[in-house]
Amino acid sequence: DHITARMQSYTFDKFGWFTVTLDNGQVWKQVQGDTTYATRTWKKPAGSYQVRVSHGFLGSYNLQVHGLPGLYKVIRAP
């Protein structure tokens, strides 16, 4: 029903949406159009962040970073 993992890396595109690679090898991308931006709160190295990815409404997924505000809508990248 959810996974918890440490970030391995994160990047932001020109619109401010992120792509996160987890230490378990999964890659998650923020859904375009999401109105919550991580660029304002993610300032540390990726390895210092622990994330939780859980099921959201109607088959969607949510990503949260432990200890930081924000709930991000994400999709799993191939």
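The model is predicted, so local features need pLDDT of at least 70 and side-chain atom pairs count only at pLDDT 80 or more, while totals for chains, interfaces and linings use all residues. Residues are numbered from 1 along each chain as its sequence is written, and side-chain values use heavy atoms, leaving out hydrogens and water.

Let's start with the strands (E, DSSP runs of at least two residues, numbered from the N terminus). Two of them pair if DSSP finds at least two bridges between them.

| Pair | Sense and bridges | Example |
|---|---|---|
| E1 and E2 | antiparallel, 5 bridges | Ser9 with Thr21 |

Next comes the core. A nonpolar core is a set of buried (under 20% relative accessible area, 1.4 Å probe, protein chains only) Ala, Val, Leu, Ile, Met, Phe, Trp, Tyr and Cys residues joined through side-chain atoms within 4.5 Å. The largest one holds 17 residues, and Met7, Tyr10, Phe18, Val20, Trp42, Leu63 and Val65 touch the most other members. Strands E1 (2-12), E2 (18-22), E4 (50-55), E5 (61-65) and E6 (72-76) each give two or more residues to this core.

Beyond its neighbours within four places in sequence, Phe18 is in contact (heavy atoms within 4.5 Å) with residues including Trp28, Trp42, Leu63 and Tyr72.

Finally, Leu58 lies in the loop between E4 and E5. Its phi is near 55 degrees, a positive value in a residue other than glycine. Most residues other than glycine have a negative phi. Leu58 is exposed (over 50%), with a relative accessible area of 76%.

Terms used: Helix = DSSP H or I, 4+ residues; strand = E, 2+ residues; numbered from the N terminus.
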